[in-house]
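Please look over the sequence and the structure shown here before reading on.

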Amino acid sequence: TVARFGGDEFAVLLEDTQLPGALDVIDRLYAAVSSPIRLGDDEEVVVHLSVGMTMVSGRDVTSEELLAEADAAMYAAKARGKNRYEIFDPSMRSASELRSRLRVELGDALAREDFRLYFQPLIDLVDADWRGVEALARWPHPQHGLLEPADYVDIAETKGLIVELDRWAVAAACRAAACVDGLTMTVNISGRTLRHPDLTDIVSSALATSGLRGSRLVLDISDLSADPERVVEPVQRLRQLGVAVALDEFAGDIPALRRLRGLDIGYLKIHHSLVADLGSGLAATTIAGAVIDIAHDLGMTTIATGIETLKQCDILSGLGCDLGQGYLWARPAPIDGFEKAVAQHRAERSG
C-alpha cells in the first residue's frame, strides 16, 4: 500500500514481509527513480530518496507509533547524507518525539516571530580582517533550548512554511546589517524559496524596508548544483537587485561544480566536513585544492566553513582559499554580543 502524506513525503506499507524483502523493495524504489525524468525537450531531473524503515516484529504498536518511527529513521537518513535508507532503532525515539512536537508548534512560533538570528564573522585568510557576516537562524524553544535549522527546516518544508520562514530570515538579516556597516550580510534560503514566484518581492521588500544596498546582501543556497538549469532565471533576478548568491555546503562534488559554469554565482562555501579532514591525509587537501581552483576559474570567492584550528587555516590559506568561518575566530552570537565584537575588532584594527 502506497500513500502520499503531503509535499514530498510518502509511506509504503508492506504486510507479511521480513527484513530481506523490505530491503529488496527499497532497492526497487531506488532503481525506479534513478533514471532521469525528462520534463521537456532539453530538461531532465533526477529524484533522490531518503528512506526510513521500521518493523512491527510482533510488537504491540499502533500505526501512529510505526509512522513516527519510520519518520525518525527517514530524518536520520537525511542527516547522514541523504539519498540513503536507515532502519529505526530506539536511540532515534527522542528525536522523533521532538519532531512531532515541533511539527505542531512551528506555525505558531513563526507567526509570533519566535526565531532569532545569531551572527558569525567571515575572515580574510590573508590579513585576518573581517569581510562579512553570516546570519544564522535559531529557534529559542522554551523546553528544548536553542534549536538549529537542522532541527526544524525539513519540518518547515513539509508543512509548506519554508518560504515564510525564509521571508522572516531575509528581512531580519537586512535589518541587522545596520550594526555591521561596510560588511556583507549573508543569510541562508532554501531552494524552494529561490524558485518561488515571490522571490523578488521577498528580497526587494527586505532591502527597501531596511535601507540596505543589494550589493551588501548574499543569499546562501545549498542545492544550486542539483539542477542548475532551473535556477538560472531566479539567480538572474537576484543579480538584477545587486544581490550575490553563494553555493552553500559544497562537499567536493567536482562534476556538480562544473555544471554551474554560466551561472552568476559569487561565492562557494566549502563544507565543514571537508575542512575537518584537512591535515589527516593527502586526499582531503587535494580535493579541497581542486575545489578552490575550479571555483576561482568560475569567478567565485571561496569560503571555508567550520575552521577550528590554526593548522586548517594555514592549509586553506596555502591552497588559496579566500575567506574562512569557524570557532577558531568566533562562535555564533546574538545581535547584542555581536555588535560588541564588531566594535572591539574595529578598535583593534584601527589601533
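Cys 179 is buried in this predicted model, because its relative accessible area is 17% and the cut-off for buried is under 20%. Cys 174 is likewise counted as buried, with a relative accessible area of 2%.

**Cysteines**
- The structure holds zero disulfides, a disulfide being a covalent bond between the sulfur atoms of two cysteines.
- For Cys 174, the closest cysteine sulfur is that of Cys 179, and because the two sulfur atoms are 12 Å apart, they are too far from each other for a bond.

**Helix H5**
- Helix H5 runs over residues 162-176, and its 15 residues should span 21 Å at 1.5 Å a residue, which agrees with the 21 Å between its end C-alpha atoms.
- The helix is mostly covered, since eleven of its 15 residues are buried.
- Cys 174 is one of these buried residues of H5, and among the others are Ile 162, Val 163, Leu 165, Asp 166, Trp 168 and Val 170.
- Several alanines of H5 are also on the buried list, including Ala 169, Ala 172, Ala 173 and Ala 176.

**Surface patch**
- Val 2, Phe 10, Val 12, Leu 14 and Leu 29 together make a nonpolar surface patch of about 450 Å².
- Phe 10 counts as exposed because its relative accessibility is 56%, where the cut-off for exposed is over 50%.

Key: Residues numbered from 1 in each chain as written. Predicted model: local features only at pLDDT ≥ 70, side-chain atom pairs only at ≥ 80, totals over all residues. Heavy atoms only, no water. Helix = DSSP H or I, 4+ residues; strand = E, 2+ residues; numbered from the N terminus. Expected span 1.5 Å × (residues − 1). Buried < 20%, exposed > 50% of the residue type's maximum accessible area, 1.4 Å probe, protein only. Disulfide = S-S within 2.5 Å. Patch = residues over 30% accessible without salt bridge, like charges linked within 9 Å, V, L, I, M, F, W, Y side chains within 5 Å. Areas by Shrake-Rupley, 256 points an atom, 1.4 Å probe, with all protein chains shown as cover. Salt bridge = Lys/Arg side-chain N within 4 Å of Asp/Glu carboxyl O.
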